[in-house]
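My notes follow the order in which I checked them.

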Amino acid sequence: MFDLAGYGPQILDGTVTTIELSVLSLIVSAALGLIGASAKLSKNRVAVAIATVYTTIIRGVPDLVLMLLIFYSLQIWLNDATDYLNNIQNSIDFEISLDPFISGVITLGFIYGAYFTETFRGAFMSVPRGQLEAARAFGMQPFLIFRRILFPQMMRFALPGLANNWQVILKATALVSLIGLADVVKAAENAGNGTFRTFYFMCIAGLVYLVLTILSNFALTLLERKYAVGVRKAVL
């Protein structure tokens, strides 16, 4: 049933690769987002300027252009570094090549870290300052304030934006097939070229993304309920 003209295992492996790429890119994006939001909300002008330039450039350039620029820039930098090392160590000849999967994680994480920065910044600003001041007055340490007061409330405000960013990351993994990663889109493309049924296999790839999106929506709904415990809903 799921043989798909012999390309079923390849599409399954591509689906697993897509999920792994999405999850790891999400982790990198969230980490960069927290750092960027902290920088933008800090009193350090240099940190604010760097974070502002980062988010402005990333959000102003198309994702496909950024992906190709970052991927090939990393390749060029690595080649220059290996050439320099080879010139120093004449007896050692080695080269470093980027794995498409690692390149995809770094690229997607760097791109969408800018969007997470703005999401987290808005969420941090939505937490009432009075609660943080009261926690300091009670003698709570900064990390305890973050863990018990700031983070739970920040997540409640950030989850709608995070959910949207996750869906975009999930779909953006399709772009990574351009740099040689064997994701579900690449697998579907290979299957289509091998069987001359490109439309059929692209529909299969689209269905895979749709299923992943539906499952993600279910998980995100559970998260929203978790962080909304004790919060009174608006009455319309």
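**Entry 1, whole chain.** I note first that this is a predicted model. I counted the secondary structure of the protein chain and got eight helices and zero strands. Read from the N terminus, the order of elements is α-α-α-α-α-α-α-α. I then looked up burial: of the 236 residues in the protein chain, 36% are buried.

**Entry 2, helix 1 and helix 7.** Two packed helices are described by the angle between their axes and the distance between the axes. I looked up both values for helix 1, residues 8-41, and helix 7, residues 184-195. Their axes come within 7 Å and cross at roughly 160°. Angles over 145 degrees count as roughly antiparallel, and helix 1 and helix 7 are therefore roughly antiparallel to each other.

Which residues meet in this pair? On the helix 1 side I listed Gln10, Ile11, Gly14, Thr15 and Thr18, and on the helix 7 side Val184, Ala187 and Asn190. Sorted by class, this contact of helix 1 with helix 7 holds three nonpolar, five polar and no charged residues.

I placed Thr55 in helix 2, which spans residues 45-60. Is Thr55 buried or exposed? Its relative accessibility is 1%, so Thr55 counts as buried; the cut-off for buried is under 20%. I next checked its side chain, which reaches the backbone oxygen of Thr52 at 3.1 Å. With neighbours within four places in sequence left aside, I found Thr55 in contact with Lys40, Ala114, Thr117 and Glu118.

Where does Phe196 lie? I found Phe196 in the loop between helix 7 and helix 8, the latter being residues 198-227. I looked up the backbone as well: phi of Phe196 is near 60°, a positive value in a residue other than glycine. At 76% relative accessibility, Phe196 counts as exposed, because the cut-off for exposed is over 50%.

Terms used: Residues numbered from 1 in each chain as written. Predicted model: local features only at pLDDT ≥ 70, side-chain atom pairs only at ≥ 80, totals over all residues. Heavy atoms only, no water. Axes fitted to C-alpha atoms, helices over the stretch in contact; angles between N-to-C directions. Helix = DSSP H or I, 4+ residues; strand = E, 2+ residues; numbered from the N terminus. Parallel < 35°, antiparallel > 145°, perpendicular 65-115°, else oblique. Contact = heavy atoms within 4.5 Å. Nonpolar A, V, L, I, M, F, W, Y, C, P; charged D, E, K, R; others polar. Buried < 20%, exposed > 50% of the residue type's maximum accessible area, 1.4 Å probe, protein only. Polar contact = N/O pair within 3.5 Å; in protein donor to acceptor, adjacent residues only side chain to side chain.
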